[in-house]
There are 2 protein chains.
Amino acid sequence: MTLRIFNVLGREKQEFVPLEEGRVGMYVCGPTVYDHAHIGHGKTYIAFDTIIRYMRYSGLDVLYVQNLTDVGHLLESGEDRILRKASQLQAKPMQIVESYARSYFEDMDALGVQRPDISPRASAHIPEQIEMIQDLIGKNHAYEIEGSVYFDVTSDPDYGKLSNRKIDSQQAGSRETVRGEKRNPEDFALWKRAEEEHILRWNSPWGEGFPGWHIECSAMAKKYLGPTFDIHGGGIDNIFPHNECEIAQSECANDADFARYWMLVGSLTVEGIKMSKSLGNFLTIKDALKQYRPEVIRMFTLGAHYSNPVDYSADALAGAAAGWDRLYGAVRLTRQMMNSAPENSADGDSFQSRLDETRSQFSEAMDDDFNTPRAIALLQDLTRDVNALLNGGTTVGLSTLNAINSTYQTIGGEVLGLIPAADGAADSGSAQREAKLVEMMIAMRAQARANKNYAESDRIRNDLANIGITLEDRADGTVWRVE
Amino acid sequence: MTLRIFNVLGREKQEFVPLEEGRVGMYVCGPTVYDHAHIGHGKTYIAFDTIIRYMRYSGLDVLYVQNLTDVGHLLESGEDRILRKASQLQAKPMQIVESYARSYFEDMDALGVQRPDISPRASAHIPEQIEMIQDLIGKNHAYEIEGSVYFDVTSDPDYGKLSNRKIDSQQAGSRETVRGEKRNPEDFALWKRAEEEHILRWNSPWGEGFPGWHIECSAMAKKYLGPTFDIHGGGIDNIFPHNECEIAQSECANDADFARYWMLVGSLTVEGIKMSKSLGNFLTIKDALKQYRPEVIRMFTLGAHYSNPVDYSADALAGAAAGWDRLYGAVRLTRQMMNSAPENSADGDSFQSRLDETRSQFSEAMDDDFNTPRAIALLQDLTRDVNALLNGGTTVGLSTLNAINSTYQTIGGEVLGLIPAADGAADSGSAQREAKLVEMMIAMRAQARANKNYAESDRIRNDLANIGITLEDRADGTVWRVE
């Protein structure tokens, strides 16, 4: 089996061959930290998190770089116009950056998105950006005018190769202000002179200014991954102009290929329209997490292939929640039965092969351009068989239960991030004592029933139900769950 | 009442008068992020955290800048010498920085140390450092030689004013390599040429190199707080050369005073010797938190005045733990009694005045150069009276209990960080259900006793004790605590 990736550059599924065997250099465009992240960001970064988790699970050594855009693409308009000291004006955008960068990582941590190995910030790489711009000017790919520097798109015959746009077919305008000073309307800014109201500014060979939005990714990818690296990822909506400009800048400055594989994630939509801050149709991750478990949000976004859009609705989330409850119900039951199961029983061998089959089909699905919907469907299929086994009235031995738990934990937990670790491991003292208290109540209820004191046993059951704990009597004892 | 601060610059206690009324600009030297933080770092940053919490409690608007040193003072020697790509070499130190910066904030969060408003990194401010060095050369305070730039200490008549060292009395060497190229042995590096083995390097007017350790703080303090600002803090061991060099650089480059008040924190020692990574006599914060609650570590370090050293020992921590248990015991009892207290009772007015007195004495103690040992003693005194009131057999009304709880929560919690918020507020679902389950068990035990079934009531008590929950029968009912 080999990993195959749909390469947006060339629009075909290709075998993934890293530059250096066993190692992967990967760059993903990170967020602009000027507000709280919404679940559209969640979809993008859960997708790359799962992709990277799977590559690592497959034995690849991944170096994952994801930037934070804190300048150039950041609105600085302070509401507080009465700040008097210049230094406080300097501090203000960095306070905003600091607090939203923290908020972003809080949200990602909550969603189980593992941290990038390096999270470079645009504002921390001004010299590298200036150097790359100087290289581009030196090679006649860029020109300075009145303190700003622009990339000359006509100097790069490859410009447009990712998005398949030809220069003459492009719309004028887009994100760049069309100033009279550009040679071609499609030229984009590498450096902008700072007008008076611009707070974040640096000295440069062209006067005080700040970098254009695209150059940061070119400079930081080069610094940490080299001129040519394996995979560049991002959201599909940034394919033009951002990703296209990155390629133009990097390949012209470095005289080398930029990223070899491009992976772009489909948008999260609401009634078909992309969720975005500017459209106002967004749900922040913090608000989403008040309603849904993080695993349910992952289940929802991973339920579609990463390259596809997913439409957000309460129904879609409810569907994901039901699917997740079914998966996790089987895991919880398995773990509860592990507490009292005999070491071995006859069931073992046959179910082990079912688990092996699932693991191998899982790798096949994920090797096929990270087909997470297929991977989740495989887990649901397995769950049907696990439920049949566990509820079938036969005794299931500990080794089989362990194998089931470990299968869920590895492919469902470690790779997809859908299955939390065994309760005991991650839990607080309160949760552990809660479990013991419930077991004590269950024993007292059993005693009451043995004494035929059904009023008491019903009272215990009802009292527990009142605080959200449901008991379920099974052939092999009483199990419980929190509703 | 006015806040008075012992100003290390001048060695006297002075009334604190901020540059701009109601606002405080504060810079504290942060950690070098190349390893896990130890409780010596904990002492320093808990001290400044408490100082800032108190200033905010007093109504001051504090802008708190604390840097992260990720270059210049960082050993880069990679153990892994087989890395082949230059880009991977570039990535390696930044991965180290990333992971230890994360570890540092994790530890600080765990200790209840509130985040700085801005956490600028040295590597993110290379242009600002280069500019300041250029200014110093232009003003004849610095000279370039073979790609390195040194500050000429003989050019600054004030050099030594913080540490009271005269140039001729200083020891040669210290942290700076004494190269033959320096004019005076005490001159210190502003910029160092990068030798071949140096990975983190930037272009500069003097060739490829990296900034000296001291210049980062001068450049970043100026950027975010202005040339002159209110308070500069740090650990006492950095008074020379680091703080002294900062003053020299900043005042010579800016032709203005640097920080107006200097506050330096005494070291954490082990058998009298400063705890430090290099001496090997350290306990990491992560290890300490396995043994002690964060509040106990705060109690331990705040038990001495910030400017004094504190000697670490298991006995000292045990003492802090006992002191904390006593405080928190009273808070927990107060909160439990709040659940069943009558709205009002006769006790009210007299105890309110006791609380008012404590609050006012607390502000007096903290206004006197942040006298935390005195503040803690006041809380202990209060606790004696609270315990006498709550255990005195009289009925205490809800309004008095609320006032007691709020006093602890404000001065003990919000300012000193010793008292956790009310259990219900911060707690997980499990903790809330735990509390309800214990109440159910207490009710069942009461029922068993009413039925004179003492075997059953003892069994419930013992079962709870086995999972760490202790019951205590009081005149007004049974209360519980986790041991």
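Chain A averages a pLDDT of 89, and 90% of its residues score at least 70; pLDDT is the predictor's confidence in each residue, on a scale from 0 to 100. Not every part does that well: over residues 74-85 of chain A the pLDDT is below 50, though this stretch still has 14 contacts in the model beyond near neighbours in sequence. Here, two residues are in contact if their C-beta atoms, placed from the backbone, lie within 7 Å. Residues 172-177 of chain A also stay under 50, with seven contacts beyond four places in sequence. The model as a whole scores ipTM 0.79 and pTM 0.84. This is a predicted model, so local features need pLDDT of at least 70 and side-chain atom pairs count only at pLDDT 80 or more, while totals for chains, interfaces and linings use all residues. Residues are numbered from 1 along each chain as its sequence is written, and chains are lettered from A and ligands numbered from 1 in the order in which they are written.

Chain A has 14 helices and 15 strands, which are DSSP runs numbered from the N terminus (helices: H or I, at least four residues; strands: E, at least two). Its C-alpha atoms fill a box of roughly 90 × 55 × 35 Å along the principal axes. Of the 483 residues in chain A, 44% are buried; that label takes 20 or more other C-beta atoms within 10 Å of a residue's own, with 12 or fewer making it exposed and anything in between partly exposed (C-beta atoms placed from the backbone). Among contacts in chain A between residues at least 6 apart in sequence, 76% join residues at least 24 apart.

Now for a sheet. Four strands of chain A form an open sheet in the order β4-β3-β9-β10, with parallel pairing; two strands pair if DSSP finds at least two bridges between them. The edges are β4 (61-66) and β10 (259-265) of chain A, each pairing on one side only. From one strand to the next, the twist averages 20 degrees. Inside the sheet, β3(A) and β9 (229-235) of chain A share three bridges, and A:Tyr27 stands opposite A:His232 in β9(A). Helix α1(A) packs on the sheet, touching β3, β4, β9 and β10 of chain A, at about 160 degrees to β4(A). Helix α4(A) lies across β3, β4 and β9 of chain A, at about 150 degrees to β4(A). Axes are lines fitted to C-alpha atoms, for helices over the stretch in contact, and angles run from 0 to 180 degrees between N-to-C directions.

In the loop between β3 (23-28) and α1 (39-57) of chain A sits A:Thr32, which counts as buried because it has 22 C-beta neighbours inside 10 Å. A:Ala330, in helix α8 (314-338) of chain A, is buried too, with 26 such neighbours. Beyond four places in sequence, A:Ala330 is in contact with A:Thr383, A:Val386 and A:Asn387.

Finally, the pair of chains. The contact takes 41 residues from chain A and 41 residues from chain B. Elements giving two or more residues to the chain A side include α2 (86-110) and α13 (429-450). A rotation of 180 degrees with 0.0 Å of shift along its axis superposes chain A on chain B, with an RMSD of 0.1 Å, by least squares on C-alpha atoms of residues with pLDDT of at least 70 in both. The two copies are therefore related as by a two-fold rotation axis.
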